[in-house]
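Here is a short report on one protein model. Keep the sequence and the 3D view open as you read.

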Amino acid sequence: MTRMGRGWPAMALAVLIAIIGAILIVGGAWLIFLAGSPYYMLAGILLLASAWLLFRRRLIGVWIYCGLFALSVLWGLAESRGNAWAMIPWLIAPFVLLVAVLLVMPTLTVSPHRWKWSGGGIAIGTVAVILCFGMLSGGSDSPALALPAQSSQGMADPSGMATGKDWPTYGGTYANWRYSPLNQISPSNVGKLRKVWETHTGGTPMNADYRKLYGTENTPIKIGNLLYSCTAKNIVVALDAGSGHVVWRHDPKVADEWIPYTTACRGVAVYQVPGETPGSPCALRVIEGTLDSRLLALDALSGKPCTEFNGTGEQDTKIGMGQVYPGLASINSAPTIVRGIIVVGHQILDGQYRQAPSGVIQGFDAKTGKLAWAWDMAHPDWSGYPPPGQAWARGTPNMWTTSAGDEKLGLVYLPLGNVADDYWSGGRTPVENAYSSSVVALDVTTGKPRWSFQAVKKDVWDYDLGSPPSLIDYRGTPAVLVPSKQGDIYILDRATGRALTPIGSIAAPQGGAEPQERAPRQIVSLWQTLRRPPLTEADMWGMSPIDQMICRIQFRRADYRGYFTPPSVNRHSVEYPGYNGGSDWGGVSIDPVRGIIVANYNDMPNYLRLMPRAEADKRDIKPRFASKKISPKSHSVDPQWGVPYAIDVNAGWRMPFTGLMCKRPPYGGIRAIDIATGKTLWDRPIGTARRNGPFNVPTALPFTIGTPNNGGAVTTASGLVFIAAATDDLIRAIDLRTGKTVWSAPLPAGGQATPILYQQDGREYLVIFAGGHHFMETPEGDSVIAYALPS
C-alpha cells in the first residue's frame, strides 16, 4: 500500500480534530472576552496545529496532541481541588482522541517500531488517567469523627408518641425524629437483609398527561397489625404488617385534573378518639388529605368512612377559599394532630397565578370534622370561616410540607412557603413579607400565632421552608430545629422562637429586576450549614471540553454574585443552592440518644431569567387552568400571571443536549452533625452513577458520584441510617459511626420517599414505598417493599 493509502485514517482524524479545534477557538475567544479561562482557545489552536500536521501525515502532529493531553491533565488537576469527577472533561474525551491519534501514528512513519510507539503511548495515557482518578477519588469525603457518647436518658418526645413496635406518624412521631429504638438489625448483620414481601398498591392516574406527574413520595405508618399507605390518587391501602397482604382499600375517587405539580401523597395520620373502646368502629381513624383538598376519616380496621366526621366521613377544606381551579390547591402532606385538632395546610401550585387560592391554615376537630379555627394572616381577627360574601386572602404564603406538633405546649410548628409569585416581590403586602419563608408557632387552641422566625427576607428564590421541623432538647431547653433550602440549620426556643444557636447576616447582592425591593442583608446560620462555598468558573463541568466551555460561557454571561443573587430580566442569573435545597421535604433524622442530626441534602444551582409578560404571551405561557398544558420537565416556564414577569427556570442548570448539569458533582450528600457542638462528624456524597449518565443513558457504574436526592433518612438505636432518596434506585444502610454504606438493595422504582422501621411478631421490618419521581427522572412504581433478616 502506498504511503498515501496508508495515511487516510490520519487525514480523516485530522478533519475531526480540526472541527473540534475550531469550536474551541471560537468559544474560547468568547470566554476570554468574558474574562474567563484561556485554556479553551489555547487548546483550540494546538488542535488546529495538530490537525494540519496530521493531515499532511507529519509525525509532529502526534507529539503536539500528546503535549495538549498533558496540558489538559495538568490544568484539570490544578482546577479540580481534589475532586475526581471534576477531571472527567479534562481526561475522558481528550483520552479518547489520544487513543485515536496514537492508533494512526504507525501510518505516519516507516519505523519498524511504529506499533510499539503507538501501543506504549496508549498504555502511558491509560496509566495517567487511572492515576489521576486514583489520586483524587474520595477527596470530597470528610474524615469520620468520634460519635458522641450515648445518653442514658436521651431527649423527651413532646408529642406523647413513640416508635418501636409501631411507626405512628409520617415522621415517626409529631416530633419528626425519624428514629427507631429497635436494634435487631445492626451493622454486624445488616448484610443479611432480604426482601420478604412486595405489594403493588395501584391507584395511579389513567390519563397519560397526568401520569407524567408521578411522584407519590409516600411514607407508610404502622399501628398494631396494620400498615397504612396511600397511592398517587389518594387510595388508602391497609396492609398486613407481617405479610403485606391487602386488608382493605378506600378510593376517594380524586379526578386527575386535581393533580398539582406531583401526585404526592406523602402520608396519612391516625387518631385515637378519647374515651372510645379500642376496636369499636371509628375509635381509631385514618385521616387523609386528598389532592382535591378533602379531609377523610376512615375506620382504621375496616376502611369505612366515619360518618360522625362531618356527617359523611369527609370535609371540604376549600370552603372559604373562593374560586379554586383544579390543581391549584391540594393536600399532599400528612396532617398533624395536636390536642385533637387536625392542622391542615395546602400546596398552592406556585408560579401560576398571583391571585391563587389562599395559604390559610385550618384546624378541624378530629372527632366531628368541624372547623375549629382558621388562620388567615391577612385577616388575623377572623377565627372561623370568612364573613358571608368574603373569602380568605388569595395568594398568601402556604404550608405545603409537614408540620411538627408539641402536645405539651399545644403548639404546632408550621414551615411556610412563599406567596404565589415566587420570583417577584413587588406588590406583596407587609404581612406577606413578614410571614413568607418563615416557621410559625401556632396555638392549636386558638389558631393564633405565638411567634414566628423568618429565614429569608422578601424571598424571590423560591426558598420555601420545605423541610418538616424537628422538636429536640438543646442544652436543656425544649427547642425546634429548622433546616432550610439554603442549607442553614437553625435551633430555636420552642416556646418563644428565640435563637439558641448563633445567627449572623451577610451582605446580599443588590440590583436585579427590583433593586428597590432587595434586602441589603440576609440572615445565615453560624452554627451549621449544608451550603458549599460560592460557585466559581472552575466548578463548571461537562463530558468534554466543549460542553464544559459552553457552561463556562453561560456562567460568565449570567449574573452571579454569590448567595441571594436576585433574578434579572435581560440576563440569566444563577441561584445557588437551587430551590431543591439544601434540605427539602425529606427533612432530617434525629438520633435522640446519641444527640446526632443526620441530614441528606442537595447541592445544585438553578439557572433562571424573568421573562417579560409580552414575551410570555407571545409564547402562550399561561396558567394551567387557562392553557391545559402539563409539563413534568425540570426546565420550565411558569406564567406568574398577575405580575409583570413570567419565570424561566432551568432547575439543576442542565445542558439541553447531554442532559448533564453544568455544575460538577457531587450533587447531593448526607451529613452527620453533633447537636451539642454543631460540628460535622462526617459528610459523604450519596448516590452512585449506576442509573445516571449523558443523554439519559444509564452508565451502570457503581461509583459514588453524589446524585440529587429527595426523601429522608431514618436512624436506629443500633447505629444504622437507612435511606433511599438518590436517583440510583437503591435503598442503603449507612454505618452511623463512619458514614460508609454497609448494605444496599436495588428498588424496582425510584425511592423518593422516607423508609420506616417497625416490629411485628418479634421481627423487625424495614419498609419503603418505591414510587419514583418525574422531577428526579427515576422510574415510576407503586410498590410497598419490606426487608427483614432471615427468620
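## A bent helix

Helix α5 bends by about 30° at Phe95. The bend at a residue is the angle between axes fitted to the seven residues ending there and the seven starting there. Helices (H or I, at least four residues) and strands (E, at least two) are DSSP runs, numbered from the N terminus. The model is predicted: local features need pLDDT of at least 70, side-chain atom pairs count only at pLDDT 80 or more, and totals for chains, interfaces and linings use all residues. Residues are numbered from 1 along each chain as its sequence is written, and side-chain values use heavy atoms, with hydrogens and water left out.

How far apart are the end C-alpha atoms of α5? They are 24 Å apart. That agrees with the 24 Å that the 17 residues of α5 (residues 88-104) should span at 1.5 Å a residue. The expected span is 1.5 Å times one less than the number of residues.

Is α5 enclosed or open? Of its 17 residues, 12 are buried, so α5 is largely enclosed by the rest of the structure. Buried means under 20% relative accessible area, exposed over 50%, and partly exposed in between (1.4 Å probe, protein chains only). Among the buried residues are Trp90, Phe95, Leu98 and Val104.

## A strand hairpin

Strand β21 (residues 470-474) has 4 of its 5 residues buried, so β21 is largely enclosed by the rest of the structure. It pairs with strand β22 (residues 477-483) in the antiparallel sense, over 5 bridges. Two strands pair if DSSP finds at least two bridges between them. Ile472 stands opposite Ala479 in β22.

The two strands, β21 and β22, form a hairpin with 2 residues between them. In the turn, Arg475 has a positive phi of about 50°.

## Rings and charges

How many aromatic pairs does the structure hold? It holds 26. Rings of Phe, Tyr and Trp (its six-membered ring) pair if their centres lie within 6.5 Å; planes under 30 degrees apart count as stacked, over 60 as edge-to-face and the rest as tilted. Tyr353 and Phe625 have ring centres 5.5 Å apart and planes at 65°, so this pair is edge-to-face. Tyr353 lies in the loop between β14 (347-348) and β15 (361-365), and Phe625 in helix α11 (residues 624-627), so the pair ties together parts 272 residues apart in sequence. Tyr353 is partly exposed, at 23% relative accessibility. Phe722 and Trp743 also pair edge-to-face, 6.4 Å centre to centre with 75° between the planes. Both of these residues, Phe722 and Trp743, are buried. Ring pairs also link Tyr39, Tyr40, Trp75 and Trp90 into a cluster.

Arg531 lies over the face of Tyr563, 4.7 Å from the ring centre. The charged end of Arg671 sits over the ring of Tyr601, 5.5 Å from its centre. The test is that NZ of Lys or CZ of Arg is within 6 Å of the ring centre and within 35 degrees of the ring normal.

## Two buried loop residues

Thr216 is in the loop between α7 (208-211) and β3 (221-223). It is buried, with a relative accessible area of 4%. Leaving aside neighbours within four places in sequence, Thr216 is in contact (heavy atoms within 4.5 Å) with residues including Cys230, Cys265, Phe769 and Gly772.

Gln752 lies in the loop between β38 and β39 (756-760). Its relative accessible area is 1%, so Gln752 is buried. Not counting residues up to four places away in sequence, Gln752 touches residues including Glu217, Trp585, Gly772 and His773.
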